[in-house]
Amino acid sequence: MIEFKNVSLIYPNSEQTIIENLSFKLDEGEFVLVIGQTGIGKSSILRLMNGLVPHHTGGILSGEIEVAGRSTRLLRPGELADLVGVVPQNPANGFVCEIVEDEIAFTMETLGIPVEVMRKRIEEVLDLLALAPLRTRNIATLSGGEQQRVAIAAALVTQPRVLLLDEPTSALDPIAAEEVLSILHRLVNDLGLTVIIAEHRLERVIQFVDRILLIKGSGDVQLGETREILLSSPIAPPLVELARVTGFEELPLTIREFRRSAIDIPNLKRSEHSPSGETLIEILGLNCSYKDANSNYALRDISLEIKSGEIVALMGRNGAGKSTLLKSLVGLAPVVSGEVKVLGKDPRTFDSTELIGAIGYVPQEPGDLLIETTVGDECKQADIDNRVTPGRTYEILTGLVGAIPQSIHPRELSEGQKLALALSVLLSANPRAIVLDEPTRGFDYEAKRKLVGMLKQIASQDRAILLATHDVELVAELAERVLFIADGELISDDSTATSLTASPAFAPQVAKALPEKGVLTVSDVRRAIEGH
Amino acid sequence: MQTHPAFFWIWATLIATSVIRLDNSLFSIAAVLAVLAMVRIAPESTLRLNAFRLAVRLAIIAVFIRISVAILIGVPMPGKTLFSLPQLELPEFLVGIRLGGEVTSQRISGALNEALIFAALILLFGAANSLSTPTKILKVIPQRLYGVGVAAALATKLTPQFADSVSRIKQAQFLRGQPASGFRSWRRIGTPVLEETLSRSLDLASSLEARGYGIKRITTRYKAESWRGVETIALLPAIYVATLLPSLSISVLLVAIVLFLSALAPAVLR
């Protein structure tokens, strides 16, 4: 179906080749996962398959790429629109229309498909993706998972033979991600569609895919059956890591397969989590309103306390009120009643020096905090803003992620490095608490491992950390305590081990594979086996 | 039924023409009021309020700049002196231009008239933009004009997003402990906002490209936009004012205001 023959790609004004002499062949009806470290060219490979690279982005391409016998080198992406459907990394940026059914119709309109056919296909695809109740809704008001489904529907409706998805679950909570992936799985089986997907969170996808394309370097790829690749891949989900630790006959891809291997480990004795630091954050009976008056409260009667040295995760579905709760800590939430105290004071009364000395808040897009054109200038500006000795911010940055050349543009940093830079800018003001909103979007396992180390180091300096996230594996590795919030209410506030095993949707793979052993992560299992 | 998207653009163009042609403060005010009324009664689902707020802000800035320039710089004008500023000595080759000095009533009223025209123009097109969506524009523009279509879609889609980016990045600067208003903050907010807008436009353009926009000559419409009689009738007064109306007396002005409000008919009769 898709064939790459000696493909090389280089962008002008760049010395680095993105892809070098790449050859592989994907068959019709396959579900293929593309993996590799961030920045290694996964997106480029996906976009080569419908000609967006190099027709839209520029770049010099050699070799030949054929999709169903058509050359993407000779045809413009639009001429492949009937053959290849694309779901971009950030679907919200790719939507052209405002209303769900108009958006789904758009590609068919540009392709000139007759109206009667169009109507029939729209009905079909609305049913297929369970979008019928949302058909007249404004896309901007939909949740992330619903938007993702609209994007898939819009790509499917032209009945393409190939569907390309770039990190379709990175912004979704576990339940919405599960929904999207099982729909894809069904499409492959029902329609014989060829699906190519790039994804970092392997634990969510490996059970569905047939083959994996592992990109190791610019010209070095390995294509093979899921098990065969995962056996030796440096990038592997927790379940595979677990099997590597406990030993296995056949590599398990699902929890069921692991459980059937009947591997047993001793119980892990967890030490009780008892924070001893001083109370930094205190919330008492907090109610927050939505901006418009007729909807429900965004937060209802929230009370909690966070002490220094604690790492607390805030979880819940999209739209449950996580961001509002975080914002209340910097005085940006519409508080109706109740008290918020940060370092014993209402954050709304903070002046700017008090604010940065109390809370370092990393917004969902850490790049929003950055304003300069080089890393060095950014650090210097932070030194000036926060009135610290010159070089302090860069020193913190080096302490977090090692030396980064001062002359590069923040945009060229990997997601993990960008987050580290934003953190350093905030940390140089020496805040007592760090708040992060969904920090691991677009992170690979390596970047996440580094983030865990980084945040643990920050917390050990007598600071408190509160992070909102969908990433259960991250929470299992990092947090000691989990707050669950649903529909504006705090429904549980407990230790990570208790919280994450209470509901299967929010349980990490290791806990599902080895239930009632008190283990959440692969390192827990190692500790249990060694008997500590 | 919804108002045809082209209606707002044609109406805005006609009224803008009238505002420039008649050059009358009262008429400009009437135009501004008509626009505000139009936006006020637009159903929430079709209006992108953020985009319109941005236009309002721009209009206010335009008025402010025009008035301050009139006070600070200018040629001497007759009329009653309202107040005077210390005048700066300028080199001889800048004859006829002065900084500071006497501010006369005529100078202010002239500037105010121009400022109102600016404000009316910005609001007219701002309203047309926030009342029509990018796809609708795409469908009105022939696909063969590929570049024009893409540019129009980008502009209509990105203005409201631009307003969102500004408020988000302002918030980020607040979190860095930096002032989020005032002249100095503009550089801090401007750079990230522009970068984000650029990457969003690239995303949208690549989406249009990948979805076959501008490839086929024949396209179809899922829901045809209909131009109804009420839209034509509602445009008639605007056409009259833009082309024939010779000059304005107060009574004609009143008629004009009433007729302007007829532009609301398509929305009301929806």
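Reader: Which residue is the bridge partner of A:Phe4 in S4(A)?

Author: In this predicted model, strand S1 of chain A, which covers residues 2-10, is joined by 7 bridges to strand S4, residues 60-67 of chain A, and the two run antiparallel. Within that pairing, the residue of S4(A) that is the bridge partner of A:Phe4 is A:Ile65.

Reader: With which strand does S1(A) pair over 6 bridges, and which residue there stands opposite A:Ile2?

Author: The pairing over 6 bridges is antiparallel and joins S1(A) to S2(A), a strand that spans residues 17-26. In S2(A), the residue that stands opposite A:Ile2 is A:Leu26.

Reader: What is the order of the strands in the open sheet of 4 strands in chain A, and which of them stand at the edges?

Author: The pairing throughout this open sheet is antiparallel, and the order of its strands is S2-S1-S4-S5 in chain A. Each edge strand has a single partner, so one side of each is left without a neighbour in the sheet, and the strands in this position are S2 (17-26) and S5 (70-71).

Reader: Where does the hairpin of S4(A) and S5(A) have a residue with positive phi?

Author: S4(A) and S5(A) run antiparallel and are joined by 2 bridges, with A:Val67 standing opposite A:Arg70 of S5(A). The hairpin has 2 residues between its strands, and the turn residue with a positive phi, of about 50°, is A:Ala68.

Reader: How are the rings of A:Phe4 and A:Phe24 arranged, and are these residues buried or exposed?

Author: The pair is found in a search of the whole structure that gives 5 aromatic pairs over all chains. The ring centres of A:Phe4 and A:Phe24 are 4.5 Å apart and the planes lie at 20°, so the pair is stacked. Since A:Phe4 belongs to strand S1 and A:Phe24 to strand S2 of chain A, the pair ties together parts that are 20 residues apart in sequence. With relative accessibilities of 2% for A:Phe4 and 7% for A:Phe24, against a cut-off of under 20%, both residues count as buried.

Reader: What is the arrangement of the rings of B:Phe7 and B:Phe8?

Author: B:Phe7 is buried, with a relative accessible area of 0%, and B:Phe8 is buried as well, with a value of 10%. The centres of their rings are 5.7 Å apart and the planes stand at 75°, so the arrangement of this pair is edge-to-face.

Reader: In the open sheet of 6 strands in chain A, what is the strand order, and by what angle are neighbouring strands turned on average?

Author: This sheet has mixed pairing, and its strands follow the order S6-S7-S8-S3-S9-S10 in chain A. S6 (84-87) and S10 (221-225) stand at the edges with a single partner strand each, so one side of each is left without a neighbour in the sheet. With direction ignored, the average angle by which neighbouring strands are turned against each other is 15°.

Reader: In which sense do S7 and S8 of chain A pair, and what is the bridge partner of A:Leu165?

Author: Strand S7, residues 162-166, and strand S8, residues 194-198, of chain A are paired over 5 bridges in the parallel sense. One of the facing residues can be named here, for the partner of A:Leu165 in S8(A) is A:Ile197.

Reader: Which side chain of chain B makes a polar contact of 2.6 Å with A:Asp385?

Author: A:Asp385 is located in helix H14 of chain A, residues 375-385, and counts as buried at 11% relative accessibility. Leaving aside neighbours within four places in sequence, A:Asp385 is in contact with B:Arg176, B:Gln178 and B:Arg188. The polar contact of 2.6 Å joins the side chain of A:Asp385 to that of B:Arg188.

Reader: What distance separates the C-alpha atoms of B:Ser28 and B:Ile117?

Author: B:Ser28, in helix H2 (residues 25-41) of chain B, is buried with a relative accessible area of 0%. Not counting residues up to four places away in sequence, B:Ser28 touches B:Val19, B:Leu116, B:Ile117 and B:Ala120. Although B:Ser28 and B:Ile117 are 89 residues apart along the chain, the separation of their C-alpha atoms is 5.9 Å.

Reader: What is the radius of gyration of chain A?

Author: Chain A has 21 helices and 19 strands, and 55% of its 532 residues count as buried. The globule rule gives 24 Å for this length, and chain A is as compact as a globular protein of that length, because its radius of gyration is close to that figure, at 24 Å.

Notes. Residues are numbered from 1 along each chain as its sequence is written. Chains are lettered from A and ligands numbered from 1 in the order in which they are written. This is a predicted model: local features need pLDDT of at least 70, side-chain atom pairs count only at pLDDT 80 or more; totals for chains, interfaces and linings use all residues. Side-chain values use heavy atoms; hydrogens and water are left out. Two strands pair if DSSP finds at least two bridges between them. Axes are lines fitted to C-alpha atoms, for helices over the stretch in contact, and angles run from 0 to 180 degrees between N-to-C directions. Buried means under 20% relative accessible area, exposed over 50%, partly exposed in between (1.4 Å probe, protein chains only). A polar contact is a pair of N or O atoms within 3.5 Å; within protein, one must be able to donate a hydrogen and the other to accept it, and residues adjacent in sequence count only if both atoms are side-chain atoms. Contact means heavy atoms within 4.5 Å. Rings of Phe, Tyr and Trp (its six-membered ring) pair if their centres lie within 6.5 Å; planes under 30 degrees apart count as stacked, over 60 as edge-to-face and the rest as tilted. The radius of gyration is taken over C-alpha atoms; the globule rule is 2.2 Å times the number of residues to the power 0.38.
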